[in-house]
Amino acid sequence: MISPLPEIAATCFLTAAVFAAAVTDTRTYRIPNAIVVAILFTGICWQALSGGAGAALLAVVAALLCLACFLPLYMIRAMGAGEVKLIAAVGASLGISGALVAIAGTLTAGALMAGLALRVPGLRQRAATVPDTNGEAGESAIQAVRIPYAAAIAAGTCLALWQQGRFGF
């Protein structure tokens, strides 16, 4: 039987890394690639350590599943590339069943965040003004709202870790 220490370390690392990404994304609207690569590498290594080569392969499949779910949001500019890469790395760390829970939790948390951002004036961040028909930004121009989606990914990740029993309660 494998010692619980590597699982505890992997859980602590993943939790700390997604929260670091969320804080960075909230402050700068960017997620450093170093965080994403560290999560991806650690996740695949953890899966290989705990379940062998087959589990490592399934970790890659989980990452691709997350990528497939969130890439369309990037393509319609609803989310940034950093968030898509982050959820894919998280998927590798959680495995397929955990990735599915993280996807559902992330989408739910993201929808709640978007609703709050649109309803609460203090939370609204005006990111860009869409020009009106003559190419100028007028009073009637639509305002785009930026949401630091890494916070939703952190919430979805914690939900998946809790569902897997990796928080110890």
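Start by selecting Tyr29, which sits in the loop between H1 and H2 (helices are DSSP runs of H or I with at least four residues, numbered from the N terminus). Tyr29 has a positive phi of about 60° although it is not a glycine. Most residues other than glycine have a negative phi. This is a predicted model, in which local features need pLDDT of at least 70, side-chain atom pairs count only at pLDDT 80 or more, and totals for chains, interfaces and linings use all residues. Residues are numbered from 1 along each chain as its sequence is written, and side-chain values use heavy atoms, with hydrogens and water left out.

Next, select residues 4-28 (H1) and 33-75 (H2), whose axes come within 10 Å and cross at roughly 160°. Axes here are lines fitted to C-alpha atoms over the stretch in contact, and angles run from 0 to 180 degrees between N-to-C directions. H1 is therefore roughly antiparallel to H2 (an angle over 145 degrees). Show side chains at the contact (heavy atoms within 4.5 Å): from H1, Pro6, Glu7, Ala10, Phe13, Leu14, Ala17, Val18, Ala20 and Ala21 meet Ile35, Ala38, Ile39, Thr42, Trp46 and Leu49 of H2. By class, this contact of H1 with H2 has 13 nonpolar, 1 polar and 1 charged residues (Ala, Val, Leu, Ile, Met, Phe, Trp, Tyr, Cys and Pro count as nonpolar, Asp, Glu, Lys and Arg as charged, and the others, Gly among them, as polar).

Now select Ala10, Phe13, Leu14, Ile39, Thr42, Gly43, Trp46, Ser93 and Arg166, which line the largest cavity. A cavity is a set of points on a 1 Å grid over the protein atoms alone where a 1.4 Å probe fits but cannot get out, and lining residues have an atom within 4 Å of a point. The volume of the largest cavity is about 50 Å³, taken as the space filled by probe spheres set on the points. H2 gives the most to this lining, with 4 residues. The lining divides into 5 nonpolar, 3 polar and 1 charged residues.

Move on to Arg77, in the loop between H2 and helix H3 (81-119). Arg77 also has a positive phi, of about 65°, although it is not a glycine.

Finally, select H1 with H3, which pack at an angle of about 170° with their axes 11 Å apart. That makes H1 roughly antiparallel to H3. Leu14, Val18, Ala21 and Asp25 in H1 meet Glu83, Leu86, Val90, Ser93 and Leu94 in H3.

How values were computed:
Helices (H or I, at least four residues) and strands (E, at least two) are DSSP runs, numbered from the N terminus. Angles under 35 degrees count as roughly parallel, over 145 as roughly antiparallel, 65 to 115 as roughly perpendicular and the rest as oblique. On a 1 Å grid over the protein atoms alone, a cavity is a set of points where a 1.4 Å probe fits but cannot get out, and a pocket is an open set with protein on both sides within 12 Å along at least five of seven lines; lining residues have an atom within 4 Å of a point.
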